[in-house]
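Hi everyone, thanks for making time today. Let me put the sequence and the model up on the screen, and then we'll walk through a few spots together.

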Amino acid sequence: EREKFVGIISRAKKQNQKIEFAELEDDLDVNEISKLTSGLSLRSIEKLFRKGSVSNNGKLTKCMIKNTKANEIRKLCGDLLEVFDTDAGFESIAGMNYIKEYFSRLKMQLQKGGCDIVRAILMIGVPGVGKSFSVRAFAKELGFNCVALRSVRSMWVGESERNLERAFNAIEALSPAILFFDEID
């Protein structure tokens with residue numbers, strides 16, 4: 001749906017120069033824009049194209065999309081979630097062959113749509129060994145969003161549950177996504 005919508009907007013801009021929509025940056029195409037805007041409503045995507053028409057020389061950039069997406073998520077759920085950039089894939093991981101092989105097998109299972117797929121992975125290790133980076137790379141390889149859950153706890157009765165529900169609703173809107181808990185202790 002997003003891909004069709006972005007295609008309509010970009011074609012409308014090409015056909016009529018008077019329409020107030022941004023043009024796509026040279027290295028972006030409709031398919032990539034639709035992936036980058038996952039989790040945004042169609043209305044937010046339209047606003048993004050309109051905003052881009054008056055800034056950045058009328059071009060829509062990756063940076064604008066990422067900033068808009070982060071702002072929309074903050075509005076939706078406060079500081080309960082953080083969306084990570086997934087610019088680096090497995091090619092950026094030096095060593096750690098076992099993890100790359102494991103994630104590659106898991107990727108094949110996900111693509112096949114099997115029902116016996118692992119739903120959670122616990123990674124334990126000292127800080128700085130690449131656990132977080134591996135998860136982000138896996139999200140890029142899958143084409144998923146990578147979302148970290150921040151503290152949902154509150155001192156007020158019922159507020160923690162409300163925060164958790166808001167966070168899960170936002171994660172559902174961003175799906176498909178990898179939910180990442182860092183330092184779960």
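Asn145 stands opposite Ala177 in strand S5. That strand is joined by four bridges to S4, residues 145–149, and the two run parallel. Strands here are DSSP runs of E with at least two residues, helices are runs of H or I with at least four, and both are numbered from the N terminus; two strands pair if DSSP finds at least two bridges between them.

A quick word on the source: this is a predicted model, where local features need pLDDT of at least 70, side-chain atom pairs count only at pLDDT 80 or more, and totals for chains, interfaces and linings use all residues. Residues are numbered from 1 along each chain as its sequence is written, and side-chain values use heavy atoms, leaving out hydrogens and water.

Stepping back, the open sheet has three strands in the order S3-S4-S5, with mixed pairing. S3 (81–84) and S5 (177–180) are at the edges with a single partner strand each, so one side of each has no neighbour in the sheet.

Now, the aromatics. The whole structure holds five aromatic pairs, meaning Phe, Tyr or Trp rings (six-membered ring for Trp) with centres within 6.5 Å; planes under 30 degrees apart are stacked, over 60 edge-to-face, the rest tilted. Tyr102 and Phe103 have ring centres 6.1 Å apart and planes at 50 degrees, so they are tilted. Phe103 and Phe138, at 4.3 Å and 15 degrees, are therefore stacked. Phe103 sits in helix H5 (residues 97–112) and Phe138 in helix H6 (residues 131–142), 35 residues apart. Together with Phe90, these residues, Tyr102, Phe103 and Phe138, form one aromatic cluster.
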